[in-house]
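I opened this entry to keep track of what I looked up. The notes follow in the order in which I made them.

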Amino acid sequence: MVLAVANPPVTGGVLVSLGIIMGQLNIPSEGLAIAGTLALVMDFLITGSKITLHHLEMILQADHLKMIDKGILRDPEKM
């Protein structure tokens, strides 16, 4: 949670933040490899879920605004 605010939005930014935080908390630098790997795995999972949920949210909003036909989404053969 601390890193969520401090992360720069660039590739590898998590490792820089992790190094600074671990140095401030006197955690040995050998833990950086483990923490970096865990952060990378979690980032893949979170990014995948965000992309999936973004598409679902767009469908829900289009349905709410009556801009989409849910019948066609459920059965494309009806077109």
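**Overall make-up**

I began with burial: buried residues make up 9% of the 79 residues in the protein. Buried here means under 20% relative accessible area, exposed means over 50%, and partly exposed lies in between, with a 1.4 Å probe and protein chains only.

I noted what kind of model this is: it is predicted, local features need pLDDT of at least 70, side-chain atom pairs count only at pLDDT 80 or more, and totals for chains, interfaces and linings use all residues. Residues are numbered from 1 along each chain as its sequence is written, and side-chain values use heavy atoms, with hydrogens and water left out.

I looked up the accessible surface, which comes to about 6,800 Å², with 70% of it belonging to carbon and sulfur atoms. These areas come from the Shrake-Rupley method with a 1.4 Å probe, and for residues only the protein chains shown count as cover.

I then listed the elements: the protein has four helices and zero strands, in the pattern α-α-α-α along the sequence. Helices (H or I, at least four residues) and strands (E, at least two) are DSSP runs, numbered from the N terminus.

**α2 against α3**

I checked how these two helices meet. Their axes, α2 and α3, come within 10 Å and cross at roughly 135°. Axes are lines fitted to C-alpha atoms, for helices over the stretch in contact, and angles run from 0 to 180 degrees between N-to-C directions. α2 and α3 are therefore oblique to each other; angles under 35 degrees count as roughly parallel, over 145 as roughly antiparallel, 65 to 115 as roughly perpendicular and the rest as oblique.

I wrote down the residues in contact (heavy atoms within 4.5 Å). From α2 they are Val14, Leu15, Leu18, Gly19 and Met22, and from α3 they are Gly31, Leu32, Ala35, Gly36 and Ala39.

I picked out Leu18, in helix α2. Leu18 counts as buried because its relative accessibility is 9%. From C-alpha to C-alpha, Leu18 and Ala39 are 9.3 Å apart in space, and they are 21 residues apart in sequence.

**Two loop residues**

Which residue in the loop between α2 (13–24) and α3 (31–64) did I look up? I looked up Asn26. Phi of Asn26 is near 55°, a positive value in a residue other than glycine. With a relative accessible area of 70%, Asn26 is exposed.

Lys66 is exposed, because its relative accessible area is 73%.
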